[in-house]
Amino acid sequence: MTALGGCLSLVTLVAAGILLRATVSLYSYSGHGKRPMFGDFEAQRHWQEVTVNLPIADWYRNTTDNDLLYWGLDYPPLTAYHSFLVGKWAQLQDPKFVELHKSRGITNQGHKRFMRNTVLLADLLIYIPAVLLACHAVRKTIHRESATGVDLLFMATAILYPGQLLVDNGHFQYNNISLGLAAAAIAAILRNRNLLGAFFFVLALNYKQMELYHALPFFFYLLASCFKSTKGFSLGSGLWKLIKLGALVVATFAVLWSPWLGSVDSALQVLHRVFPVARGVFEDKVSNVWCIVNVFVKLRNFDNAHMAIVCLTCTLFAVLPSCVHLLFHSTSKRNFLLALANSALGFFLFSFQVHEKSILLAALPITLLFPLYPAQCFWFLQIATFSMVPLLAKDGLVGPYLGLTVLTLAFLKISLGFLTNFTLKPSFCTLDAFGVESLFKGKRAIPSRWDISLVHLYYASLVAQAMLLLAFQYVPPPPQLPFLWPLLISAFSCGHFVLFFVYFNCQQLLSNGDLKIVDKKDGAVGKTNKRKVK
């Protein structure tokens, strides 16, 4: 593909991404018309109302003008600053959008368009460029032997991922900002710009505290990289690098938190709002281990502080093997991405106060692993979106979910026919309607029995998802089990997530850093050379 063709393809992908996001934006959103609290849409609007009308010292504090029981600000300072900027823009559009007290629950179309456009703007300015940079960094540093076709499918998967579209542009949130900053951090680290990567990650963490899901791999990788170089272990230069890195992180935190560092009480109040232990182990029917355990042992009967310690312990046991492995194998950038995926999945499955939407934190690094494990990553991304069906149904977004899912499968089928990396025919699986066998077998002319078995399992999973969705939508649950279908969807999705957690841990922990990559100079299909993965 020529440079011009590549640019045209990229522009087309970005345009398609914006078009799909704008289309989803036409649908309903979280809490529309549902008094008295409405939903996440109102929460984001209310934060704009609070930040533009109240002094900064009162943003996180309960006052007569800031009732923390009504969507009190509970995200870190960078979210508050973003809410302030958007609130100022809202005042320019129509002061009634953020009028103190009187703007609660505003539902007119002008305000909806304004709010939707702020998310689209964040997609266009932050999320999409950052994800494309991360894809490019993966292409240059990890999967350097891939052909153009895989690059195009890789970028399309990243930009058009239905889960992110449905949550941010449908349900309504700004995950695109924190995920975009995290993607920029990953891109910088893959390109050996560790200070820049640390800076972007601190910004991501200060936008949403859920970026803690990615924090341990960043910490261990950057710590190890300070003391390791091409010449081996270096204590002197390593300490200097560590001092610079620590100073950058502390300075960035200090600047962002400076309005509340004047008193211990103010700083602790922000921390109390950002980490609300009183909320409980999980939200609704999230697809993690605790939601399933709760069927047999009612976790809400236990003290929240006690459960927080249990969750923390289980989470550390789940993620530390991957992170400690990264500490001693930090030269492998593939292991860095795998550790990010393993850490995010471990936190999602075992940590405290987990939301359905938090699966997007695992989806980001797994998306970036697509060139290395295309079938597994495609499968994960699909089941991750399905796991949020109960949430999407509340917002009237099942239609867009179905449309995007079918579009994704159709795009996969069509695009694989144009790729040089995969061979669609002959197919050894008669049930392979969407060509996923090509993802499992890669460049092998004949799939193994294991490949065929995985294809069958994938379609069994797809059929089970369809059956659960139909039951959820059209079959009334037994009166004594009113949450039967959401719980089955959660358990079904959780089972997948556990298996993927095991799979990606095995890929990291049992690997010596080598990976078979197609050699462009080798004309024979299926022949590979072992290359050291950075």
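Q: How many aromatic pairs does a search of the whole structure find?

A: Rings of Phe, Tyr and Trp (its six-membered ring) pair if their centres lie within 6.5 Å; planes under 30 degrees apart count as stacked, over 60 as edge-to-face and the rest as tilted. The search finds 30 aromatic pairs here. In Phe41 and Phe172 the ring centres are 4.9 Å apart and the planes stand at 65 degrees, so this pair is edge-to-face. This is a predicted model, in which local features need pLDDT of at least 70, side-chain atom pairs count only at pLDDT 80 or more, and totals for chains, interfaces and linings use all residues. Residues are numbered from 1 along each chain as its sequence is written, and side-chain values use heavy atoms, with hydrogens and water left out.

Q: Are Phe41 and Phe172 buried or exposed?

A: Buried means under 20% relative accessible area, exposed over 50%, and partly exposed in between (1.4 Å probe, protein chains only). Phe41 is buried at 2%, and Phe172 is buried at 0%.

Q: Which ring does the charged end of Arg104 sit over?

A: A charge sits over a ring if NZ of Lys or CZ of Arg is within 6 Å of the ring centre and within 35 degrees of the ring normal. For Arg104 the ring is that of Tyr70, with its centre 4.0 Å away. Likewise, the charged end of Lys285 lies over the ring of Phe483, 4.4 Å from its centre.
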